[in-house]
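Colleague: I am new to reading models like this one. Could we go through it step by step?

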Amino acid sequence: MGIVNRTPDSFFRPGLTWDEPAAMARVDEVIAAGADIVDVGGIPAAPGAVVDVAEEIRRTAGFVGAIRARYPDVVISVDTWRHETGRAVCEAGADLLNDSWGGFDVRLADVAAEFGAGLVCAHAGRQQPRTRPFRVAYPDVMADVLDQTTRLADRAVAVGVQPERIVIDAAHDFGKNTWHSLEVTRRLAEMTETGWPVLVSLSNKDFVGETLNLPPEQRLPGTLAATSVCAWLGARIFRVHQVTESRQVVDMVAAIRGDRPPARAVRGLA
Amino acid sequence: MITSAAVCPAPPLLARELTGADPVAPELRQACLQATAALLAGVPDIVAVVGVAAETGVWPPDGRLDLTAYGPGLGGLSAGPPVPLGLGLGARLLDQVGYSGRRQLQSVGEQEPAATCAALGVQLASMAARVALLLMADGSARRGVRAPGYLDERSVPFDAAVESAIRAGDLPALLALDPVLAHELMATGRAGWQVLAGAMNGLRPASEITYCDDPFGVAYLVATLRPRG
């Protein structure tokens, strides 16, 4: 899942794909690099300038339609918590609603059901959208992640979302300090054991930065290390900025697990 | 009556284990330890640790910080029953300076009105002839765009008013802090400061502020207070 932000102020390479031509060039790039899914976002996760529903739709819906026209078969995801935006992007051709803020707007699941779209059920630790964690504490963070994500998934099924289109996400950094994000990475198998497909969004995040004491633009190796652990523990979707590198890591781990044959094996075999 | 008081902030990162290899805020920890040590110089009969929490209540005196809630995987469960953050950090400070005398761990509900907080302070002050008060309280968490709560420009004058009241020993001024504004500014210490004002009511203490900064967008204040004369 390649990230394409329609924002001027996201934390990683801010403003890179704010203009639509640049954003479409980015879509071309991530698909060519091996992304199976494009994730379009109109609002940064961090607090900052207000982006209301109308502006979020303006940033995302038309662009989703343009991607759909250019790539009839690519899976288009939109990162939003609002059902109004969900409706607009589904009408424009989106396939998946990436609800990173953990069911804050319960009507988003209704929209997914209505359009036959997929839904990401994430754990945001009961945080309000666009807020930073402040002294968050959990008796057992993974127990909370499992409880919240499976509850959201069950609720989505109950309102009519097709079960095979539901994905769960621990939402690293959302409502979590670095210790919490490391713990959910370490224990990710507990999520994959639920049977729901697991998405991880690790890319260049603060838990990587704090662990290695590095700024966003130097977090790729740490991101890839976390990616490989999550792949080994059974994660299925990886939301990333650097698609080429991430695809190689995921393919390599899949081969180590025995899920994917090597691309070409002749060594010692000739 | 209150024979000495100390104010320290209560961020989880006061626990050295939680900040990883980098001590992050050694000056802050040192200031808190010194203020706690100074608190005990007057040989109190009891130390009342006051921390802001969801509800007002008295916690087991052997209560300790639940480190695993903030740092899963760190291991090393502490000895006593888990208590709210501020009380756990306060108890830890007392342990670190070697205090083994009587202590009361008192939480004050973050929503309590000023009068209730002040009355709680009066009650704590009357527990013994010589009561030392260790207050764990924080200013606004909205002091910049990188702050936990993002920037709210009202945070600066709000925290400045608290600082100036404590610096001047003008504790009744703390009773005028607006609970709604404090909540909006994520100034979690408001109820605690009002307990302090009640506990030292009429004493006009001499104070010394040894740390006053916001390295992570949250206002931290370390102070010691002693009644005059």
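Modeller: Start with a definition: a residue is buried if 20 or more other C-beta atoms lie within 10 Å of its own, exposed if 12 or fewer, and partly exposed in between, with C-beta atoms placed from the backbone. This is a predicted model, where local features need pLDDT of at least 70, side-chain atom pairs count only at pLDDT 80 or more, and totals for chains, interfaces and linings use all residues. Residues are numbered from 1 along each chain as its sequence is written, while chains are lettered from A and ligands numbered from 1 in the order in which they are written.

Colleague: Is I166(B) buried or exposed?

Modeller: I166(B) sits in helix α5 (residues 155-168) of chain B. Helices (H or I, at least four residues) and strands (E, at least two) are DSSP runs, numbered from the N terminus. Count the C-beta neighbours of I166(B) inside 10 Å: there are 25, so the residue is buried.

Colleague: Which residues is I166(B) in contact with, leaving aside neighbours within four places in sequence?

Modeller: Two residues are in contact if their C-beta atoms, placed from the backbone, lie within 7 Å. For I166(B), leaving aside those neighbours, the partners are V7(B), S207(B), I209(B), L221(B) and A223(B).

Colleague: How do helices α1 and α3 of chain B lie to each other?

Modeller: Helix α1(B) covers residues 26-40 and helix α3(B) residues 85-96, and they pack at an angle of about 70° with axes 9 Å apart. Axes are lines fitted to C-alpha atoms, for helices over the stretch in contact, and angles run from 0 to 180 degrees between N-to-C directions. Angles under 35 degrees count as roughly parallel, over 145 as roughly antiparallel, 65 to 115 as roughly perpendicular and the rest as oblique. The two helices are therefore roughly perpendicular.

Colleague: Which residues make that contact?

Modeller: Helix α1(B) brings C32(B), L33(B) and T36(B). From α3(B) come L93(B), L94(B) and Q96(B).

Colleague: Which strand pairs with β6(B) in the parallel sense?

Modeller: Two strands pair if DSSP finds at least two bridges between them. Strand β3 (residues 57-59) of chain B has three bridges to β6(B), but runs antiparallel. Seven bridges in the parallel sense link β6(B) to strand β2 (residues 46-53) of chain B.

Colleague: Why is β6(B) largely enclosed by the rest of the structure?

Modeller: Strand β6 of chain B covers residues 103-109. It is largely enclosed because the buried residues number five of the seven.

Colleague: How many residues of chain A are in contact with chain B?

Modeller: On the chain B side, 15 residues take part. On the chain A side, the number is 14.
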